[in-house]
Amino acid sequence: MTVVLQTLNGLTIGAIYILLASGLTIVFGLQGIVNVAHGVFYMLGAYLAIGLYPRIGFAATVAAVFALTALLGLVLELAGVRPLVRRKRPGMQVLVLTLGVAIIASEVTKLVWGPVPLLSDVPAGLAGTLTLGPIVYPTYWLFVIAFTAVLMTLLALAFHRTTLGILVQSIALNSEISQAMGTNAPRINSLVFALGTGVAGVAGVLAGPILSVYPTMCFDLLMILFVVVILGGLGSLLGIVVSGILIGLVNAFGVAYLSGTAGNILAFAVMIAVLIFRPLGLFGRAGILK
Amino acid sequence: MSRRPAVGAALVAVALLLPLALAGTRYAHYVEHLAVQVMLMGLYAMAWDFLNGYVGMFSFGHAAFFGTGAYAVAILVVRGGVTSAPVLLLAALAASVVVGAVVGYLSARVGAVAIFLVTFACAEALYLLVLTDPRGLTNGDNGLAGVVPAPLLGVDLTQPGTFYYVALAVVVLGYRLLAAIARSQFGQVLLGIRENEVRVRFAGYHVEQYKTAAVAVSAFFAGLAGALTALHERIASPETLGWAVSGDAVLYATLGGTGTLLGPVLGAGIVVVAREVLSDLFRSWLIFVGATYIALVFFLPSGLFPVLLRERRR
């Protein structure tokens, strides 16, 4: 039974990783940059949910947090990232910039909400447990898995079936040629960046009741998030789904059978093993978004 | 370029005279302690700068090397009872180079931005390992205190004045070595990789091997700084492996000016002193650090050092 329970735990944690990594990996595929402040939107989502949920309900909280974090992401992209991408080694410049943003955000969070970890309530309708034969499992955790599955399916459909999705793929494949054909790459890049930070905000709302909410959570999750993104192959959507689940499982079983930090150390070991044999990650292919 | 030797000489002169100027005053101990911190942090940032400024590899995991140096010394002193300073330093350097080679092997295989992710993940994994302490070596959260070496040939590192000059000598030597490596044929290939990796590869060089070696070289100097810091503070704490220390290298070097080797020392000097002042005045002084990052990217992407030199030329 523990094996089944740990598998479900792994899937739940993996779902959070997948939501967070999706924005990071697509933005990397498009612009070749990594946003260190990605975790800030996740943290903001978690903190906002604590205040919003009792007042406006769960569904409205998710929608409001998505809108707000997407808007803030858009501001960061337009004011911060866009002026830098034309420079030499834009990746490095964006790293330094977003690192600064993340440090400030973490400190401000400490000032606003205090340094003590906060607890987030499970939404009323999703509280309690679900009995599946011999297994009793929290409904909310299953909801997180289902939510992520639906969202990622929609994202994959949007990627392959809509005009915008095809345009995004064309930019990832070759930005110059795509723009020569009339694609407004900067606008699409901004849009995708904002969608990614919005999804990170939603991930924060979902993760609140599962993981704890505290001012340095935007950094503490980065290591495992980077592992997921690298393992999947930077720029690969399918890759982060697979690696998110894999790392979620490794983490859950490591924590259950070894120790609290073993999960992350094992996840790191998996990353090393994969990097030695596949330097581009499991599904990474230069310049291709999948 | 021609101004740099003069600036370097001036810095050394100031460092040599500082203890004499302060001798007998109340602040002597405090200022010397701070100055040693600046020198060791400067060496550490120089090591980072070698990698970023000369090879174009942006590491966000230099704490792994710094902390390895610190813990190698601390474990040998506290757990092994080894107190011979040369043995301690050699062991720390060997350990750092090994960690550097492993991290380098992994980093050399991935793209420029992914290096950030890989080095960060490596450092965090090491941090977690030291914190968890599965073999009972590192004393987990508390770190290892009591890192005191024995005197050797009349040189007693526990004397603050002695340590000051030893640190100064090491930093000057470190700078000369790194500058020499950058000028060597090996260094020129690294510069080539920074400028155009594909062409260097087509010229027949094994880019991955060069990158791995470059990370190991950088780890050597970062580990040296870490080892000396452990001896200076007499403790190795898990924080020496934390992401904040990795970030420090980036901050010092980008503030001072990357690709200059001397700039990072200047950056370390400014930040270490500013931290000493600001952290007393404001609890949230890290906001200044974040703001510095943002301001640097937009207004001073090449750092202070090149700007200062240009002004001197006018």
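**Starting from one serine**

Author: Let's begin with B:S96, which is buried, at a relative accessible area of 0%. Here, buried means under 20% relative accessible area, exposed means over 50%, and partly exposed is whatever falls in between, using a 1.4 Å probe and protein chains only. Before going on, some ground rules: this is a predicted model, so local features need pLDDT of at least 70 and side-chain atom pairs count only at pLDDT 80 or more, while totals for chains, interfaces and linings use all residues. Residues are numbered from 1 along each chain as its sequence is written, chains are lettered from A and ligands numbered from 1 in the order in which they are written, and side-chain values use heavy atoms, with hydrogens and water left out.

Back to the serine. B:S96 sits in helix α4 of chain B, residues 85-107; helices (H or I, at least four residues) and strands (E, at least two) are DSSP runs, numbered from the N terminus. Its side chain reaches the backbone oxygen of B:A92 at 2.7 Å. If you ignore neighbours within four places in sequence, B:S96 is in contact with B:F65, B:T68, B:G69, B:A219 and B:G223, with contact meaning heavy atoms within 4.5 Å.

A:S106 is in helix α4 of chain A and is buried, at 4%. Its side chain reaches the backbone oxygen of A:P215 at 2.8 Å. Leaving out residues up to four places away in sequence, A:S106 touches A:M43, A:P215, A:T216, A:C218 and A:F219.

Now for where the chains meet. The contact involves 43 residues of chain A and 39 residues of chain B. About 3,600 Å² is buried between them, 82% of it from carbon and sulfur atoms; buried area is the accessible area (1.4 Å probe) that two parts lose on being put together, summed over both. On the chain A side, A:V96, A:E107 and A:M223 lose the most area to chain B, together 15% of what that side buries. Between the chains there are zero salt bridges and one residue pair in polar contact, both at pLDDT 80 or more. The elements giving two or more residues to the chain A side are α3 (58-84), α4 (90-113), α10 (222-232) and α12 (262-277) of chain A. Of these, α4(A) gives the most, with 14 residues.

In chain B, B:R201 and B:E197 bridge at 3.0 Å between their closest N and O atoms. Being four residues apart in helix α7 (residues 185-202) of chain B, B:R201 and B:E197 are separated by about one helical turn. B:D248 bridges B:R275, with closest N and O atoms 3.1 Å apart. This pair links distant parts of the chain, from helix α9 to helix α10 of chain B, 27 residues apart. Bridges that share partners also join B:E197, B:R201, B:E208 and B:K211 into one network.

Most residues other than glycine have a negative phi. B:L261 has a positive phi of about 65° although it is not a glycine; B:L261 lies in the loop between α9 (243-256) and α10 of chain B and is buried at 2%. B:R234 likewise has a positive phi, about 60°, without being a glycine, but B:R234 is partly exposed at 36%.

Key
Salt bridge = Lys/Arg side-chain N within 4 Å of Asp/Glu carboxyl O. Polar contact = N/O pair within 3.5 Å; in protein donor to acceptor, adjacent residues only side chain to side chain.
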